[in-house]
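This briefing sets out selected features of the structure shown below, grouped by topic.

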Amino acid sequence: MKFLVTTTIVFVGTITSWAQTDSLDFGNESERIEIRSAFNGNTVINSQSTNVSDQGQLSVIIGHRFGTVNEGFYNFYGLDEAVMRMGFEYGLYDNITVGIGRSTAGKNYDGYLKYRLLTQTKGLSSGNVPLTITLFASTAFSSQRLRILNEADDKNYFIDNLVYTYQTIISRQLSSRFSFQLNPTLIHKNLTEVEGQLHNIYALGSALRVKLKGKLSLNVDYSYVWNKDKIAVNKLYDPIGIGFEVVTGGHVFKLHFTNSVGIIEKEFLTNTTNNFFKGEMRFGFTLLRSFIVKPKVKGGSIY
Amino acid sequence: MRGRKTINISTSIYNEFTMKKIPVILILILTTIPFLSNGQIYSTTKGAIRLEGVAQQETIIAESKSLEGKLDITTRKFNFRQSLSRFSFSQGELQKKDAEEKYWEVDKYPYATFKGTVINEIDFTKNGDYGVAAKGILSMHGVDNEAKISLKLKIIDGSIAVHATYKVFLSDYNIKIPRLVVLKVSEVFEANCVFLLRPSQSPIAEK
């Protein structure tokens, strides 16, 4: 009898004390963390990335492509000639971004809409979203070509001159160091340059990012174009890019070598005439600066 | 000891039938104790926290509404935890990523915690305004530091509203500011916390 009572007391006592020490501890439950930027900036090198701007974030994007490196010392390895694109991007909502841009190559205007359908998550023991999927649609036209067409025919060719790009961008961050993405692309030209050229061009973009150390990462970007135009004056190549990027709290700097001149899909997927492996690569850089127009967290300031 | 005494008394007064029931009653009483003590735990999972660092060239603000905390009002012991990946920053996603990767190293140290005791002996069930101090270990970025934080409490009908302010020096927690951004990232961040503690009946009901 006494034995029973004592054991009960001891037993219950241990339970009680165990419960008390435990009561202030937190469970080891995992939490859902969204990976909002598998890549840095709106593009990897040429291809669009799955990133979208935050709501109320305005990004100014300046892209530069210089001449080909094999032009030699007289042209200062291509640095004498420069092609640039000035772009602005604004986050309407956390997952919808609009952008506009103007390139010097071909005097192109472009406008685009990006919608993030799915965001990769980590942290949960099960039920994580494995991929980020962003839909991208852009409309672009060359005002240079428009002017030539209009003057030749005395007719407005604006609608005929438009080129549409549709992409589904799929990215996955495998670890904090390594991300990759695929961009299945459709480009539609309302009016081709020469009769008999293709109206629809299919391409598959791919890109990867390897974080090297701290702020520095290595980017590789390659797009395979399925149906390159055979009729084009110059032989067409697939755009390839390789380069480094540095990220700070408000900037993304990208320095790279690529064989494409244009910075928008319409140009680099259908109009790349340089062979990367024959030294016809160009030095280029992209600078992204983000400004918070409508801050979610008020009170911060930069001078 | 208590059990033995009860038996001695009971043998003289009660018959054998009631005596057999005593251990059962004891078990019943003792097993309720853990539940009673759980009733004295006050907790929150949605505490607001705001970090403010004013440097010469930049003011950085970060906010979160996910401070978790538990307070045992009998022992006055508490345990608070903030997930560092759940802050929003004044300069948006790039700044958040910068802070998480280069300063906090969230992958290695996901939480900032504060564990300790309320020094002042106050009755947490009595309505009123109190100014108290809490002492404990503030851990962040893999560094444990002793910290004493003064709190303002307002107790209204069983819920405790808390406001606390504390200055965190980054150097105390082995967070280095690169020389390039020394004018932009403040060495000291002021943390403002506001939260409401409510009694939690059982660990399941908390969520």
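Lys107(A) counts as partly exposed because 14 other C-beta atoms lie within 10 Å; by the definition used, 20 or more such atoms make a residue buried, 12 or fewer make it exposed, and partly exposed lies in between, with C-beta atoms placed from the backbone. The model is predicted, and local features need pLDDT of at least 70, side-chain atom pairs count only at pLDDT 80 or more, and totals for chains, interfaces and linings use all residues. Residues are numbered from 1 along each chain as its sequence is written, while chains are lettered from A and ligands numbered from 1 in the order in which they are written.

**Confidence**
- The predictor assigns the complex an ipTM of 0.76 and a pTM of 0.80.
- For chain B the average pLDDT (the predictor's confidence in each residue, from 0 to 100) is 84, and 78% of the residues score at least 70.
- Where pLDDT is low, the predicted coordinates should not be read in detail.

- In chain A, twelve strands close into a barrel in the order 2-3-4-5-7-8-9-10-11-12-13-14, with antiparallel pairing. From one strand to the next, the twist averages 20 degrees.
- Helices (H or I, at least four residues) and strands (E, at least two) are DSSP runs, numbered from the N terminus; two strands pair if DSSP finds at least two bridges between them.
- Ten bridges join strand 5 (residues 108-118) and strand 7 (residues 132-142) of chain A in the antiparallel sense, and Arg116(A) has Thr134(A) in strand 7 as its bridge partner.
- Helix 2 (residues 143-153) of chain A lies across strand 5 and strand 7 of chain A, at about 35 degrees to strand 7. Axes are lines fitted to C-alpha atoms, for helices over the stretch in contact, and angles run from 0 to 180 degrees between N-to-C directions.
- Lys107(A) sits in the loop between strand 4 (96-103) and strand 5 of chain A, and its phi is near 45 degrees, a positive value in a residue other than glycine.

**Chain B: architecture and helix 3**
- Chain B contains three helices and nine strands, which follow the pattern α-α-β-β-β-β-α-β-β-β-β-β along the sequence.
- Of its 207 residues, 30% count as buried.
- Among the buried residues of helix 3 (residues 92-104) of chain B are Leu94(B), Ala99(B) and Trp104(B).
- The buried residues of this helix pack against strand 2 (57-68) and strand 14 (282-292) of chain A, together with strand 4 (88-89) of chain B; residues are in contact if their C-beta atoms, placed from the backbone, lie within 7 Å.

- Strand 7 (residues 143-156) and strand 8 of chain B pair in the antiparallel sense over six bridges, with Ser159(B) as the bridge partner of Ile156(B).
- Two residues lie between the strands of this hairpin, in which Asp157(B) takes a positive phi near 45 degrees.
- Strand 8 and strand 9 of chain B are also antiparallel, over ten bridges, and Val162(B) has Phe195(B) in strand 9 as its bridge partner.
- Ile177(B) is in the loop between strand 8 (159-169) and strand 9 (188-199) of chain B. Leaving aside neighbours within four places in sequence, Ile177(B) contacts Leu170(B), Val182(B), Val185(B) and Glu187(B).
- The C-alpha atoms of Ile177(B) and Lys102(B), 75 residues apart along the chain, are separated by 9.3 Å.

Key:
Contact = placed C-beta atoms within 7 Å.
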